[in-house]
Amino acid sequence: MNVTGGFISDERREIVQSASGSEDPMQIPISSKSPRSTQVHGKGSPVNHDRQSRSPIDGRPKKGGCGGKGTWGGLLDTDSSYALDPNDPNYDSSEEYGHPNARKSAPDFDAFKKKATIIVEEYFATDDVDSATNELKELAMPSYNYYFVKKLVSMAMDRHDHEKEMAAVLLSALYADVIDAPQVYRGFSKLVESADDLIVDIPDTVDILALFIARAVVDDILPPAFLKKQIALLPNDSKGVEVLERAEKGYLAAPMHAEIIERRWRVSKKTVEDVKARINNLLIEYVTSGDKKEAYRCIKDLKVPFFHHEIVKRALVMAMERRQAEDRLLDLLKEVAEEGLINSSQITKGFDRMIDTIEDLSLDIPNAQRILKSLISKATSDGWLCASSLKSLSLEPRKKLLEDNFTRTFKLKSQSIVQEYFLTGDISEVFSCLEAENRTSSGELNAIFVKRLITLAMDRKNREKEMASVLLSSLYFPADDVVNGFVMLIESADDTALDNPVVVEDLAMFLARAVVDEVLAPQHLEEVGSQFLGTDSIGGKVLQMAKSLLKARLSGERILRCWGGGGSSRPGWAVEDVKHKIGKLLEEYESGGDIREAYRCIKELGMPFFHHEVVKKAMVMVMEKKNDRLWGLLAHCFGSGLITMNQMTKGFSRVEESLDDLALDVPDARK
């Protein structure tokens, strides 16, 4: 028996784990005797159940040796992690894997690795999910599927965004049906453990692997608890710890993180009409086959959560047209609602869109209103629809519904509120007035206010347009309400164009500015566009122009200054003024101010792309004053997602670039 004292390789360790069913190859159960005993399994390597000291560098068990001064050491106390020498005269290949089945498992695992690599390469070349799925099934080695997860992700990490997105899509498709949850979990564990090796060939390993993990959590193939559990198992100086912390704080803690993560690598090739056609086809197929599982998968594969209201609407129309399919379609909607695949907001929006179009439907389905009332009643009694949140069901057109006395009064008061704001610039006064007039925080009234604010601003100078954008970013209206406000603006654009010939350009700029100010997420542009068909429509033109503005180089800075920025008589929005404000708020907090007040002030700056200045100034103050209080503010802003990973990194980079100058005042600045 050779006792070289080396380490078992990762591949051998994986084989032992697969053969034994144990997560730790050093903890293979052999005997029910005392856990401190060391036994030999046949001719295999001895297995030490005692807790070993671990290297502070890589967390692995320390090498064997002679035990040190004053101890018996050497051959009898050899560490269990030694490697066998194939050149030894007494070498037996079964000893290499420490398990009776290892002789059989080793070639199986080697074959699986080769075939897995081929499957991944072919998948990246063909983008054929079904083919990759079938080929992995045909291997029929489910205990090795964790390696496929590891191989797929590690190969994608070294390729373009297109392949990264393909890898994420394939993992979601394989999850549960082909690769079970424990194998996915184990595959990602292996990736995190090998982060120190991966970074040698892939410098961006920390960020890319963190995004893969965050994407797996968002796609529900990896539990959120994975992050905490894995951190506890890794050495503090491991790159794997950085990966997990980046995934948690840099991605999963950010506002609207699910949408951002899902679209990070995606190159959208779908048009609204394509998605509508796919929705229609999946519903027709479901009505014919009754295969709920397949319909669920198709809905998930659409990957358009902001457009799920179209599924609800089309399912309801189909239920009204095909009475015999009503129960089946309602059953599908109930299940996807209860499973959370379609959220309550999208369910309500789908029903509301039906109510809005009931008059047109009545031309083709004479009793459409009665049937819709029946569908609403059934959905409410089954518990997946809140009827009180729906619009009033009436045969009157939508515009007449809005023109009740209360709404007309609110419109008039909104106009007064906006006009006064343009005179005073007092945002807090607007807050107070809106709270008084819209006590129920009605989404419909919020949308009306957005429309009135932008309509009045478009008829004025750049100063008022800038003020309108600043107010919109300060109101914190739900994104759906802002979307509805823009939809109403575009619907009335034909009339507005009579007084404002550049209404398309103005609306596009306001829409792009809302995205830059993080009032809306980029995918909300698609939701606005979904309400208007064709690129020749005003809605299509506004959307196309807004996207072009956002794609331009340095779009954030340009859009923020589209109306002159600091050109108004009201100070506070020129770059130097913003820097001065940041310095003041940090000084106030550093001298004992409230963290919530500082957080609010940073948010009210309305310049998310300029948050790196907050990071830079805070770090310089920490260096100069030797006061760590500002670290708490940065941690709070980062943890809540107000300051993104990109802005945090940029702030640190700017400090690093100015170290030579800082060293004149702070000699130990670099340290």
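Student: Which residues of α6 are buried?

Tutor: In this predicted model, helices (H or I, at least four residues) and strands (E, at least two) are DSSP runs, numbered from the N terminus. Buried means under 20% relative accessible area, exposed over 50%, and partly exposed in between (1.4 Å probe, protein chains only). By that rule, the buried residues of α6 are Gln 183, Val 184, Arg 186, Gly 187, Phe 188, Ser 189, Lys 190, Leu 191 and Val 192.

Student: What distance does helix α6 reach from its first C-alpha to its last?

Tutor: Helix α6 covers residues 181-193, which is 13 residues. The expected span of a helix is 1.5 Å times one less than its number of residues. For α6 the expected value is 18 Å, and the helix comes close to it, reaching 18 Å.

Student: Is Asp 180 buried, partly exposed or exposed?

Tutor: Asp 180 is placed in the loop between α5 (161-174) and α6. Its C-alpha is separated by 9.6 Å from that of Ser 143, 37 residues apart along the chain. Because its relative accessibility is 39%, Asp 180 counts as partly exposed.

Student: Which residues touch the most other members of the largest nonpolar core?

Tutor: A nonpolar core is a set of buried Ala, Val, Leu, Ile, Met, Phe, Trp, Tyr and Cys residues joined through side-chain atoms within 4.5 Å. The largest one has 58 residues, and those that touch the most other members are Phe 148, Phe 188, Leu 209, Phe 212 and Ile 213.

Student: Which residues does Ile 213 touch, not counting residues up to four places away in sequence?

Tutor: Contact means heavy atoms within 4.5 Å. With residues up to four places away in sequence not counted, Ile 213 touches Phe 188, Val 192, Leu 222, Phe 226, Leu 227, Val 243, Leu 244 and Ala 247.

Student: With which side chain does that of Arg 215 make a polar contact?

Tutor: Arg 215 belongs to helix α8 (residues 205-218), and because its relative accessibility is 1%, it counts as buried. A polar contact is a pair of N or O atoms within 3.5 Å; within protein, one must be able to donate a hydrogen and the other to accept it, and residues adjacent in sequence count only if both atoms are side-chain atoms. Beyond four places in sequence, Arg 215 touches several residues, including Trp 265 and Lys 303. Its side chain makes a polar contact, at 2.9 Å, with the side chain of Glu 165.

Student: How far apart are the C-alpha atoms of Met 157 and Ile 202?

Tutor: Met 157 lies in helix α4 and is buried because its relative accessible area is 2%. Leaving aside neighbours within four places in sequence, its contacts include Ile 202, Leu 209 and Phe 212. Met 157 and Ile 202 are 45 residues apart in sequence, yet their C-alpha atoms are separated by 7.5 Å.

Student: Is Ala 140 buried or exposed?

Tutor: Ala 140 is in the loop between α3 and α4 (145-157). Its phi is positive, about 55°, although Ala 140 is not a glycine. Because its relative accessibility is 57%, Ala 140 counts as exposed.

Student: What is the mean pLDDT of the protein chain?

Tutor: pLDDT is the predictor's confidence in each residue, from 0 to 100. It stays under 50 over residues 18-84, and it is below 50 over residues 566-573 as well. In the protein chain, 77% of residues reach 70 or more, and the mean pLDDT is 77.

Student: How many helices and strands does the protein chain have?

Tutor: The protein chain has 671 residues, of which 48% count as buried. Its secondary structure comes to 35 helices and 2 strands.

How values were computed. Residues are numbered from 1 along each chain as its sequence is written. This is a predicted model: local features need pLDDT of at least 70, side-chain atom pairs count only at pLDDT 80 or more; totals for chains, interfaces and linings use all residues. Side-chain values use heavy atoms; hydrogens and water are left out.
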